[in-house]
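Student: I would like to go through this model one region at a time, with each cut-off stated when its term comes up.

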Amino acid sequence: MTALLETDLPFLKRSGKVRDVYDLGGDALAIVATDRISAFDCIMPNGIPGKGAILTALVRWWFEKIEHEFAHHLLFGSDPGIPPELASRTMLCRKTDVVPIECVARGYLAGSGWKEYQQSQSVCGVLLPAGLHNGDKLPEPIFTPATKADQGHDENIPFDRMVEIIGGELAEDLRARTLRLYTMAEDFAKDQGVIIADTKFEFGTLPSGETILIDEVLTPDSSRFWPLDEWSPGGEQPSFDKQYVRNWLEDQPWDKTPPAPALPDDVIEGTQQRYLKAYELLAGESFDMTA
């Protein structure tokens with residue numbers, strides 16, 4: 001299997017780090033998940049075969065699970081203009097005006113949060129107790145927003161800055177929704193043997209004024225997934241996400257600006273297996289890579 005890095009459909013297109021978004025006219029979009037993978041806000045020159053199909057299957061599974069409580073943009077069904085070979089990696093979605101904030105929930109101390117905590121005992125302006133270790137569970141989940149960037153670097157911002165950008169009422173609403181969804185998902189995932197250490201959500205506003213979940217939710221691209229039975233605070237945790245890629249990149253003579261180095265075969269295979277494991281543990285079923 002080779003990695004799908006580009007798509008080319010006869011619709012108006014824009015590309016993000018992983019997904020190609022096509023305007024189908026009216027109020028519908030087709031969002032196609034490629035096999036591209038990004039780390040440190042750079043797209044790697046080679047991808048992870050089948051990754052887009054795994055992500056799409058997991059997003060569909062989560063949206064079906066949460067739709068009774070959290071409205072979202074996914075339209076269950078397919079568009080006749082999408083080629084069959086792209087069907088497994090395509091979501092038909094409602095158009096929205098995208099809220100220009102990434103809504104991040106953190107339940108554990110890791111990644112950039114751990115680095116910031118070591119300097120200031122806080123994460124994005126949220127003061128935390130002294131004496132925490134890398135990988136520790138926080139006393140309660142925290143909300144740490146970031147600016148959105150299709151290209152280049154996202155930037156962590158304090159909540160006050162989020163209020164300045166989108167207004168206080170919407171900011172308060174999205175913070176509450178983010179923490180509620182994270183808590184629900186984390187409780188469920190633990191029963192499946194997975195810790196969701198942190199994750200990010202995105203939201204958009206419909207013409208009616210309703211704000212709904214968009215993009216992806218609770219995937220290895222947008223979350224840190226750790227095996228519950230191997231969790232051991234005090235250092236780097238084993239993971240079912242792209243931290244495996246980040247760890248390899250940290251050991252390379254690379255300054256985290258484009259172009260990124262090509263991933264070796266063992267890192268590609270290891271990442272693919274981690275994404276598969278995340279899907280199978282959470283969804284409770286095997287994933288057919290040949291479909």
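Student: What is the relative accessible area of Pro261?
Tutor: Pro261 belongs to the partly exposed class, which lies between buried (under 20% relative accessible area) and exposed (over 50%), computed with a 1.4 Å probe on protein chains only. The model is predicted, so to speak of a local feature requires pLDDT of at least 70 and to count a side-chain atom pair requires 80 or more, while totals for chains, interfaces and linings use all residues. Residues are numbered from 1 along each chain as its sequence is written, and side-chain values use heavy atoms, with hydrogens and water left out. The relative accessible area of Pro261 is 22%.

Student: What is the distance between the C-alpha atoms of Pro261 and Leu249?
Tutor: Pro261 sits in the loop that joins H5 to H6, where helices are DSSP runs of H or I with at least four residues, strands are E runs of at least two, and both are numbered from the N terminus. Setting aside residues up to four places away in sequence, Pro261 touches Met44, Pro45, Trp248, Leu249 and Trp254, a contact being heavy atoms within 4.5 Å. Pro261 and Leu249 are 12 residues apart along the chain, and their C-alpha atoms are separated by 8.0 Å.

Student: How are H5 and H6 oriented, parallel or antiparallel?
Tutor: The two helices meet through Tyr244, Val245 and Trp248 of H5 and Asp266, Val267, Gly270, Thr271 and Arg274 of H6. Their axes are 9 Å apart and their packing angle is about 155°, where axes are lines fitted to C-alpha atoms over the stretch in contact and angles run from 0 to 180 degrees between N-to-C directions. Because angles under 35 degrees count as roughly parallel, over 145 as roughly antiparallel, 65 to 115 as roughly perpendicular and the rest as oblique, H5 and H6 are roughly antiparallel.

Student: How are H1 and H4 oriented relative to each other?
Tutor: Helix H1 (residues 51-66) packs on helix H4 (residues 168-191) at an angle of about 110°, with 12 Å between the axes. On the H1 side Trp61, Trp62, Lys65 and Ile66 take part, and on the H4 side Leu181, Met184, Ala185 and Phe188. By that angle, H1 and H4 are roughly perpendicular.

Student: Which residue is joined to Thr7 by a side-chain polar contact?
Tutor: Thr7, in the segment before strand S1 (12-15), counts as buried at 6% relative accessibility. A polar contact is a pair of N or O atoms within 3.5 Å, one able to donate a hydrogen and the other to accept it within protein, with residues adjacent in sequence counted only if both atoms are side-chain atoms. At 2.6 Å, such a contact joins the side chain of Thr7 to that of Tyr22.

Student: Is Cys124 buried or exposed?
Tutor: Cys124 lies in the loop between S10 and strand S11 (126-127), and its phi is near 55°, a positive value in a residue other than glycine. With a relative accessible area of 10%, Cys124 is buried.
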